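The tour goes from an interface to the symmetry and then to the cores.

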Protein chains: 4
Amino acid sequence: MNLPSKYHFKITISVLSSGRESPYFTLMSNKINSKSKMKRFLRYLKLSFFTIPLLAAQQDKPIRVIFFGDSITQAGVRPGGYIVKMGEMLEKQGLKDKYELIGAGIGGNKIYDLYLRMEDDVLAKKPDVVIIYIGVNDVWHKASHGTGTDPDKFVKFYEAILKKLQAANIRVALCTPAAIGERTDFSNQQDGDLNQYSQMIRNLAKKNGLPLIDLRKAFLDYNLKNNPNNDEKNILTTDRVHLNEVGNQFVADEMWRILKGM
Amino acid sequence: MNLPSKYHFKITISVLSSGRESPYFTLMSNKINSKSKMKRFLRYLKLSFFTIPLLAAQQDKPIRVIFFGDSITQAGVRPGGYIVKMGEMLEKQGLKDKYELIGAGIGGNKIYDLYLRMEDDVLAKKPDVVIIYIGVNDVWHKASHGTGTDPDKFVKFYEAILKKLQAANIRVALCTPAAIGERTDFSNQQDGDLNQYSQMIRNLAKKNGLPLIDLRKAFLDYNLKNNPNNDEKNILTTDRVHLNEVGNQFVADEMWRILKGM
Amino acid sequence: MNLPSKYHFKITISVLSSGRESPYFTLMSNKINSKSKMKRFLRYLKLSFFTIPLLAAQQDKPIRVIFFGDSITQAGVRPGGYIVKMGEMLEKQGLKDKYELIGAGIGGNKIYDLYLRMEDDVLAKKPDVVIIYIGVNDVWHKASHGTGTDPDKFVKFYEAILKKLQAANIRVALCTPAAIGERTDFSNQQDGDLNQYSQMIRNLAKKNGLPLIDLRKAFLDYNLKNNPNNDEKNILTTDRVHLNEVGNQFVADEMWRILKGM
Amino acid sequence: MNLPSKYHFKITISVLSSGRESPYFTLMSNKINSKSKMKRFLRYLKLSFFTIPLLAAQQDKPIRVIFFGDSITQAGVRPGGYIVKMGEMLEKQGLKDKYELIGAGIGGNKIYDLYLRMEDDVLAKKPDVVIIYIGVNDVWHKASHGTGTDPDKFVKFYEAILKKLQAANIRVALCTPAAIGERTDFSNQQDGDLNQYSQMIRNLAKKNGLPLIDLRKAFLDYNLKNNPNNDEKNILTTDRVHLNEVGNQFVADEMWRILKGM
């Protein structure tokens, strides 16, 4: 390569994403007036041809979101589930490649179960974001199995999970448990506990400066408008707990409102 | 006794009660124009001297009220208890002799227990009025013993009790279970069930045309005004369930408002 | 009718049942030596033509047996169920017409439910024998719904049922609840309670002089011989509670051993 | 110091413990034939005068034993408690200085609580031995609070505790939960679960090669001999669960049998 003895380079590397070009890296060389300087510069340049694709790859890597929860989340990845619906929404908005949505829900899970399986099911997958949606079974299993979660233990194990996620620099959003029964006069058997445990989650979000997806409140507000007969199901749920089609879309919307800002 | 041959009697018997005199019995004889008629009349009169005191006694017999319930009612007959307080209120109003207040509360009782002991503890005592105050343990024992009462069975056994009381011509008032925890945001563990079982009792009162003492509603209204910190106790209760001094007076007032009209 | 002036009648009425003829009624008249006596006798005879068929009908009426219980008994009238199997056994033994077997089992029933529906489902059907098979849900619902039955209430309502059945001259047999889990080392969760409630039923049988069908003991004995791996199901049950084919036959046999002697 | 020019030292340091002298450290010098060598040796010797007492101190340090459990262990450090009794036993046997017994029991604790507080209450105290005595509340709270421990979670959190203790080179012994009720015919309500959870603990001990203090079995054996009336308490417990004087001595004996060999 025959180069003039005095010159400088300007190199601009742009990232093309979603049809838009945005400058990623600009290099303006000093005036290069010696052979050795030039050689060094060219060496850097060559190096950059290998590293830039890596950087670009990293730039293109979608945000990995893990939905960490119970049977409601387990059903979220089935056709019509709230995670599937969220994926469809992203596709319509041309954001399909920006996010990778991973369901990590197991039926019957309580906060203890999330704690026990978080290494394998969350940390090992190196997510950028984790949305924790737990609490229904912690309350429900008191009556149905005698093995619900004490309030103090719910908070302590929740905190232990948050600590580990934050230590791994993972962004976290917290959901309140939506409903066990959709009656709006607080006459569903578990309403007292759901209100209490939801408040504990709100406090955890506040204390840790984390975004909150307050499904409990959102479901109640929706039912106050759309459940005039005070029915216990079939508004947002099929069986008082698990989401019907409207419910899946509703949860997808509520989660996306928070997720897009994370 | 020397009587004129033609005359008639007018006899008026009055009842003196609470300082007021009200006519109880008036007898105007026909014109008596024969000795035999007179004798017969005098015989009746003599008889009446024996029977009138009996009638008067019956008139003076206080209204017997049985308070039929659980530990809250059991505590109601202790110093400062709501039944004792109601007795004091009656005394101040000069109605002490008009009512006989009998506590029939046993700790831990559920609707099943009331059903089982109603012959001995209620019917055998021939009350005029029964105030049923039950439901806390039907709900609470679900979590504390695993032996709470199914909603359908609560209604069926309650109805069986009402049927027997009404068959014995006993007037009945129904109370809703006030509270297990005084927090006003429906975050007390048993709020869902207490709301549901209270509604079932309201429906029973309505269906059977019986007066309702809606302690559940009254306690909540009171706490909304007087429990700004959302405390779980020490407003009307000592321990989330049993009444403190204010609570005992509050229940006495609520019950008397209904009882005086029965 | 032209009759000799001196004679007597001998009338024998036999009952034909299951191919055997047994004398039911024998009448030997005195020597009839007057017209009036004869007339009187003939009048009696005529009367008997109307009454004997009634007596015969009563004789032929099968023993009506009601099986009063929960889902295990509800399944007993399905193909392969223990009541169906008992019917087949009776048929083989030529006793089909001697017994009428009626299932009165409802899933989820506890002693309270039997008490509430005994008028409609038992007394109204005027059975000769009632076999009570209850207790599994009284114990199980403690853990699964929080609405199990307190031991004292189990005994009191059981006694109330026995009292009503005995007042109606109905013969009664009592069953102990067989199993919730078939492990033989008493490590099934409800073993403690099943043992306790079974003992209460044994005491009730003894105290009231009633036959006992001790399924709890029989199942354990059978499992000790036939469940070497200490499995929790699939020996006599399909799911730890409800009977498989062997279990249905086993219960039919156990019940018949007692029923045939009642 | 005037020393011969050729010589060697033999130094023996003995440890005096419990009245016995045992050689701890023996040093036989080479033949010392130079001044510099001698000086060096003397320097070492001087050093040893400072270090040996430290070594000796370490030798004398008692074995630190932490009793890690619930209210039964919390009561163990009160007068007459099983830990106090064990201390008295050690004193009688002249072993008082060999062991340091530390109670770490908190009322109502379940396996989750032990897991949560093991850093502060166990690891931070650097014990040599930990005796884990847990399980009663894991079973009992199913019925009394609806917040018992699922069997799978009991095992998983127990294993997590064992893993952390073993990582810290702490010797561990496992106890089975003795009793909730002393009846010997397995008719105590929680017998099924206590048998199951005890078996899980036996399996954990076996799997991890750890000593087992099988209090469940020991209590049953004792009661079979000493509880002829099948009483539910007052043999080894005061209230079906907590130890009476005989019970405290019994547990102290059972634990010492295992502890002395650890």
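What area is buried between chain A and chain D, and what share of it do carbon and sulfur atoms give? About 1300 Å² is buried, and carbon and sulfur atoms give 60% of that. Buried area here is the accessible area (1.4 Å probe) that two parts lose on being put together, summed over both.

Before selecting anything, note the ground rules. This is a predicted model, where local features need pLDDT of at least 70, side-chain atom pairs count only at pLDDT 80 or more, and totals for chains, interfaces and linings use all residues. Residues are numbered from 1 along each chain as its sequence is written, chains are lettered from A and ligands numbered from 1 in the order in which they are written, and side-chain values use heavy atoms, with hydrogens and water left out.

**Stop 1: chains A and D**

Select both chains. Here 15 residues of chain A are in contact (heavy atoms within 4.5 Å) with 15 residues of chain D. Four salt bridges are counted between chain A and chain D. A salt bridge is a side-chain nitrogen of Lys or Arg within 4 Å of a carboxyl oxygen of Asp or Glu. Pick D:Asp113 and A:Lys153: their side chains form a salt bridge at 2.8 Å, N to O.

Next, colour the helices of chain A. α4(A) gives the largest share, four residues. Helices are DSSP runs (H or I, at least four residues), numbered from the N terminus.

**Stop 2: the axes**

Superpose chain A on chain D. A rotation of 180 degrees does it, with 0.0 Å of shift along the axis and an RMSD of 0.0 Å. That is the relation of a two-fold axis. Copies are superposed by least squares on the C-alpha atoms of residues with pLDDT of at least 70 in both.

Now take chain A onto chain C. The rotation is again 180 degrees, with 0.0 Å of shift along its axis and an RMSD of 0.0 Å. Centre on A:Ser144: in chain A, its C-alpha is the nearest to this axis, at 2.2 Å.

**Stop 3: the cores**

Select B:Met255 and C:Met255. They have the most contacts inside the largest nonpolar core, which has 128 residues. Such a core is a set of buried Ala, Val, Leu, Ile, Met, Phe, Trp, Tyr and Cys residues joined through side-chain atoms within 4.5 Å; buried means under 20% relative accessible area (1.4 Å probe, protein chains only). Helix α6 (residues 151-167) of chain B gives the largest share of this core, seven residues.

Finish around B:Met255. Beyond its neighbours within four places in sequence, B:Met255 is in contact with residues including B:Phe67, B:Tyr82, B:Ile131 and B:Leu215.

Methods. Buried < 20%, exposed > 50% of the residue type's maximum accessible area, 1.4 Å probe, protein only. Helix = DSSP H or I, 4+ residues; strand = E, 2+ residues; numbered from the N terminus.
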